[in-house]
Amino acid sequence: MTALTLSTSAAPGLRADAIVIGVAKGAKGPVVAPGAEAVDNAYDGKLAGVLETLGASGAEGELTKLPAPAGFKSALVIAVGLGPVPDDGTGYGAEALRRAAGVAARTLGGAKKAAFALPVEDAAAVGAIAEGVLLGAYSFDVYKDNGSTAKAKADKAPLAEATLLGGKPRDAAHKAALARATAVSEELNRARDLINTPPNDLTPAAFAAIAQRAAKEHGLKIQVLDDKALAKDGYGGILGVGGGSAATPRLVKLSYTSPGADKHLAFVGKGITYDSGGISLKPAGHNETMKCDMSGAAAVFAAVVSAARLGLEVNVTGWLALAENMPSGSAVRPGDVLRMYSGKTVEVLNTDAEGRLVLADALWAASAENPDAIVDVATLTGAMMLALGSRTFGIMANDDAFRSAIHEAAEEVGEPAWPMPLPEHLRKGMDSPTADIANMGERMGGGLVAGLFLREFVGEGITWAHLDIAGPAFNEGGAFGYTPKGGTGSAVRTLVRLAELTAEGDLG
Ligand code: BES
Ligand code: MN
Ligand code: ZN
């Protein structure tokens, strides 16, 4: 990952491949953002005009390259759009900075060093720019090394080194913001790696082994239930879903405990390492990206490790429900009835509605510890994608205030999310003539139906929320802002923020 430093040096004397500056959209054309004064001065204060001549407007996502002025030790100036000039008295928002830094970091792939001269008003800006750089510079080319030359590899390598100008290396708040951004971005990028790893390599057992290594490194308690242990304890949901695959399922429990904590959060992640649909096989065109179906578990894993690295004063337990959904002679069939870990029976009407089955068992296991709240994260339904598009996740909950708090936390960290209801009338669509409940109901409102199913497996009186990240978990389009193609790490930052808020006593 890119190495980050804070520096109060002046831009002209910095030896780097490029100096990144901000340009905002003003009423009468582009406006050079604070932080770039030295560059503007070297252009005789006419940089805004130069940028306008080059076609820049300051719009978000825009990128303009120009030669560095004479006397500068860097060759290139990169101007990134910050969007509208903020209203009087308000600074540039964290998300505008994060995205602009991400756009610049992305185009700097292959470069050795860049200086970021974006507007830094406070420690929050330092954190946002650092996150933008670290997340934007991400690339996944583990599987691309065959036959490529060392030079080709270097050209694709993420930006090696970045200096944030205006960040004060001796300011405690600035240093803390940089440390937080580094820890969270590192873990988030690891989640992206897991999501992007092909399913022939990332089996449930392989994922569990990676969690075991991380637990050792960060002093977390870990328990891994393999298929035999799952059978012994009656995890019918996870075993049913995993039964069709030669790669057997796992339930991983990862615990971070803080001596000062008086609250306990449980995070539960859907970890389908590949979703073929099972016997209700997905048609071609619908399974090419289904290695992403463990994105919820990856997010939970990253959030627990982040909480440990940040030393948050809250206990956080992560549950990873890992299975591969495959069709075979031992696979669960439409019509089968599973006895779940909670004791409830489920008639499986569609083997492609598998996420709710593995989550049901993990939610019940999480409930047994009576945490203050449970949040599950899952690429659960195509219906949520239809409802909210590919960049926004849905939030459902059994508590209105908790749902709102999560929505606020998501907004704070720059993750688009939206509250969704759990309409009671949709519950009866899952009535089964044979079992306690069916794993499918009405087609309309399918994302909400899935939420209602999960609610049945949350322990009595426990505050619970469900994040359906089917849309934003995997970016099938081009990279934008600090979001790469492929695995995005959706929900990691929201979960970490929730843990922080809980530690600070500002939640529940
Ligand atoms: N993993 C899918 C949901 C999904 C779809 C995630 C597209 C990301 C992108 C899930 O297991 C699934 O197949 N859901 C079904 C449920 C249906 C059978 C009730 C769906 O949404 O079609
Ligand atoms: Mn499915
Ligand atoms: Zn799935």
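How many residues surround ligand 1, and which are the closest? In this predicted model, 17 residues surround ligand 1 (a heavy atom within 4 Å), and the closest are Lys282, Asp293, Asp352, Glu354 and Gly382. Local features need pLDDT of at least 70, and side-chain atom pairs count only at pLDDT 80 or more, whereas totals for chains, interfaces and linings use all residues. Residues are numbered from 1 along each chain as its sequence is written, chains are lettered from A and ligands numbered from 1 in the order written, and side-chain values use heavy atoms, without hydrogens and water.

**Ligand contacts**
- Oxygen atoms of ligand 1 lie 2.8 Å from a side-chain N or O atom of Lys282 and 2.9 Å from one of Glu354.
- At Gly382, a backbone N or O atom is 2.7 Å from an oxygen atom of ligand 1.
- The protein covers 79% of the 520 Å² of accessible area that ligand 1 has on its own (Shrake-Rupley method, 1.4 Å probe).

**Ligand shell**
- Strand S10 (264-275) and helix H12 (382-388) are the elements that give two or more residues to the shell around ligand 1 (DSSP runs, at least four residues for helices and two for strands).
- The shell residues comprise 6 nonpolar, 4 polar and 7 charged.

**Helix H6**
- Asp171 caps the N-terminal end of H6, with a side-chain oxygen 2.8 Å from the backbone nitrogen of Ala173.

Definitions and conventions: Polar contact = N/O pair within 3.5 Å; in protein donor to acceptor, adjacent residues only side chain to side chain. Nonpolar A, V, L, I, M, F, W, Y, C, P; charged D, E, K, R; others polar.
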